[in-house]
Amino acid sequence: MPASDEQIRGFLSRQRSLIQGEQDAEVEQTSLLLSSCSPKLLELKGLALGGLGVVGVNVGLGGKSLVELERPSAYHSSIFFPPHTFRPGDLARIEENISNSTKATKGSSKKGTTTPAASKCAEGVVYKITDSRVVIAVATNADSEELDIPERCRLVKLANTVTYDRMQRTIDTLEKTVLPTTVSSTQPDAASTAATTRPAPAAVLTPLIQVLLCMSKPSSPIPLNKLQFLDASLNESQKEAVRFALEAPEVALIHGPPGTGKTHTLVEIIRQLIAQDKRLLVCGASNLAVDNLLERLVPHGIPLTRIGHPARVLSSLLGATLDAQAARSDQSALAKDVKVELESAMTALAGKGKGRLKGPERRKMWDEVKELRKEYRKREGSVVKGVLSQAKIVLATCHSAGGRQLFNTQFDVIIIDEATQAMEAVCWVPILKAKKLILAGDPLQLPPTIISMNQKSKKSGPDAAKVKGKPDGGATQKNVEKSSSRSTGKDSSKDSKTISPPMPAADHVGADDLQAEDTGGKPVQNSSVKKNTGKKSLAEPKLVPPSTLETTLFDRLEQMYGPGIKRMLTVQYRMHEQIASFPSKKLYSSSLESHASVASHLLRDLPGVSSDPEHADVTEHPVVFFDTSGCEYFERLEGEANRSDEGSRCNENEAMVVKMWTEKLVGAGVLPSQIAIITPYQAQVTLIASLLRASMPELEIGTVDGMQGREKEAVILSLVRSNDQREVGFLKEKRRLNVAMTRPRRHLCIIGDSETVSQGSTYLKEWMEWLEENADVRYAGMD
Ligand SMILES: Nc1ncnc2c1ncn2[C@@H]1O[C@H](COP(=O)(O)OP(=O)(O)OP(=O)(O)O)[C@@H](O)[C@H]1O
């Protein structure tokens, strides 16, 4: 039965209240940190960068002032930033660098922010960040106050309400489109969000929207008789997924377990759609997901444009950005003239010391800047329009697809990669722009990071999450990880080696099951692992409001329409078959096959790795398990538990085993850059880094969250938990554990206390039993 108006209203209102709850949690957490921590502590937590100086102020797209900041060598021994959590898309404030020992004062222009009293401030969005330079796009309109950046300043991260505002506004638009008679915007805190300041416009009620909201069922596939695959290497499950996605009239899901070529398959689908002369909007949950696709699409020479700044600064990617293409376009000369004038006026205004303009002269210059900015925006608008009209493919994060540049632009198909890491509401931002949707992801890997859930769990149990889901609330080591993708559609630069991300909860919510759903008790797992029957579920589809934001659109569609709505990729190109065996059996109904090219590859087959029998114990075993049970290698709680930081766990003896095994691997010829050490707890990351970082800077040491979508030849997994209470915390979360154990290509070494771990859940018990039977088991005390 199609969803009634009442059911749709209930669904949308649930989405709104969940988004509002998440926004409140983020604001509360940020304000708690900002108000209770000294600037020095904020820097240590990676939430501030101090002692910065302005390098220049340029004009970016939209007439924004791009303020470039760096660490002047006069103030610092190194020009490189210390570990921090700033990502493109984050909201940040530039403020005067007040004394490090004092607390940031309260008093705020916005919720979740504190302003140093009587100081000069500017708020903006992190536009670009490298090892030593950060660019903040300060939004300025014709009437905005003059930009006056202090000479010595600090950058402080703010709660990002922009993403939530956009999601709320999108839900409003959706409601207006689907239920035009309903009074819009029932946001609980309506007055506080920009979403309600302008009425949301209605979109076109497409069959796609109707299917997604259970107003009508998906239409039958439109058969493609002559489908010629462009990529000869596609395997049968990939071909089937391509055909399925192309033939689906409204929506198709592609389930790609680890290493099965999700992106590879999407590239073929995109090329096929382009051959059909379709216009595409290709989105990712994070900047990294977008860049991954961009990198694979660029060699095919299809005209494309990437909106926003890439997380990776590769020249091949930079050339594809809207900014670069706008600058190169024929029409840009007109806008350039104004830009030059504007920049020189702004440089004059930014002058410090003696050269500083004062009084009426300054006022006049500022008025000129306002006029020039208006003119620039107008001219640049037509340049951007011109560039975008040439692009057959536009790439953006889901969030940035809702930006000004794509206002009123429609596409034939929208594709969302890593869709299982994005909240449903942010997916709706691009969905309202197209007639057809293709989602790719794996519901059995990391879900979106939800702060409000972590806070709930924190209040409810001893093993609950830390503030902002960070095991220790702190920034990580240089090189520690390649960042987590906060899956709210906020831009993130997952792969920057020098910056460290906020990490989702180690002790994740969700206890033993993958995810508790509002679906009559049916966990996601049930539908996610069903084999590809191609048949739809027999039960009538029903629109069920999600109980948490962890329920992604991918999950919901699969539950609503059954496994017939998706195709699963079944051949993996990463792991030795023994490494793939346990996750395949337990999570993917044994459907994961290992491609012949990887099924038996070992470290000893790598160039440069010794084939000497002396090294055989490390180079010839795909899975090694150091069982520490009975060794009394107990975990230790790091730091004092307090409101904002509950401390994290480490295990010194395990860290020593990690060190020993890493040295053995390197001794056998494996390069440190081919090894990753993964552990759930930040304190263990820090400890292991202190043991190994100096001698092996190329080694990657991090938590699971920075590793999704990536692989290494050898992975060492330190489980940490060893206690008499049999508490296993994070390890209970199958999806996170699944990501951890599916990163290696040729070698996985696990170090843990089987006695503690096997008490955590049936799944963990089975894993420990599987390891005892199948791995090369060593007893830590004896080695
Ligand atoms: N049909 C194929 N033939 C050969 N190699 C393939 C094929 N499909 C995928 N691969 C290779 O497998 C690896 C993983 O592919 P890809 O990155 O597309 O997978 P993914 O599912 O997106 O990965 P992840 O699990 O990291 O999300 C890549 O090196 C890719 O080139």
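**Figure 1. Gln578 and its contacts.** Leaving aside residues up to four places away in sequence, Gln578 touches Pro622, Val623 and Asn774, where two residues are in contact if their C-beta atoms, placed from the backbone, lie within 7 Å. The model shown is a predicted one, in which local features need pLDDT of at least 70 and side-chain atom pairs count only at pLDDT 80 or more, while totals for chains, interfaces and linings use all residues. Residues are numbered from 1 along each chain as its sequence is written. Gln578 has its place in helix α16 (residues 577-587), and helices (H or I, at least four residues) and strands (E, at least two) are DSSP runs numbered from the N terminus. With 17 other C-beta atoms within 10 Å, Gln578 is partly exposed; a residue is buried if 20 or more other C-beta atoms, placed from the backbone, lie within 10 Å of its own, exposed if 12 or fewer, and partly exposed in between. Lys128 is 450 residues from Gln578 in sequence, and the two are 42 Å apart in space, C-alpha to C-alpha.

**Figure 2. The packing of α16 with α23.** Helix α16 packs with helix α23 (residues 762-774) at an angle of about 150°, their axes being 11 Å apart; axes are lines fitted to C-alpha atoms, for helices over the stretch in contact, and angles run from 0 to 180 degrees between N-to-C directions. The two helices α16 and α23 are therefore roughly antiparallel to each other, on a scale where angles under 35 degrees count as roughly parallel, over 145 as roughly antiparallel, 65 to 115 as roughly perpendicular and the rest as oblique. The crossing of α16 and α23 is right-handed, a crossing being left-handed if the near helix is turned anticlockwise from the far one by less than a right angle, and right-handed if clockwise. Gln578, Phe582 and Lys586 of α16 make the contact with Tyr763, Glu766, Trp767, Trp770 and Asn774 of α23. By class, this contact of α16 with α23 has four nonpolar, two polar and two charged residues, where Ala, Val, Leu, Ile, Met, Phe, Trp, Tyr, Cys and Pro count as nonpolar, Asp, Glu, Lys and Arg as charged, and the others, Gly among them, as polar.

**Figure 3. Helix α20 and its cover.** Helix α20 (residues 682-692) is mostly covered, as nine of its 11 residues are buried, namely Gln682, Ala683, Gln684, Val685, Thr686, Leu687, Ile688, Ala689 and Leu692. The elements that cover these buried residues of α20 include β17 (636-638), β18 (648-650), α19 (652-667), β19 (675-678), β20 (700-702) and β21 (712-718). The angle at which α19 and α20 pack is about 45°, with their axes 10 Å apart, and α19 and α20 are therefore oblique to each other. In passing α20, α19 makes a right-handed crossing. On the α19 side, the contact is made by Glu652, Ala655, Val658, Lys659 and Thr662, and on the α20 side by Gln684, Leu687, Ile688, Leu691 and Leu692. Sorted by class, the contact of α19 with α20 has six nonpolar, two polar and two charged residues.

**Figure 4. Helix α15 within the structure.** Nine of the nine residues of helix α15 (residues 553-561) are buried, so α15 is largely enclosed by the rest of the structure. The buried residues of α15 are Leu553, Phe554, Asp555, Arg556, Leu557, Glu558, Gln559, Met560 and Tyr561. After α15 comes Gly562, whose phi is positive, near 80°.

**Figure 5. The shell around the ligand.** Of the 14 residues around the ligand, those that come nearest are Gly261, Lys262, Thr263, His264 and Tyr573, a residue being near a molecule or strand if its C-beta atom, placed from the backbone, lies within 6 Å of it. Helix α6 (residues 262-275) gives the largest share of this shell, three residues. The shell divides into three nonpolar residues, 10 polar and one charged.

**Figure 6. Two residues with a positive phi.** Most residues other than glycine have a negative phi. Asp277, although not a glycine, has a positive phi of about 65°, and lies in the loop between α6 and β8 (280-284). Asp277 counts as exposed, with 8 C-beta neighbours inside 10 Å. Val720, also a residue other than glycine, has a positive phi near 70° and is found in the loop between β21 and α21 (734-741). With 32 C-beta neighbours inside 10 Å, Val720 counts as buried.
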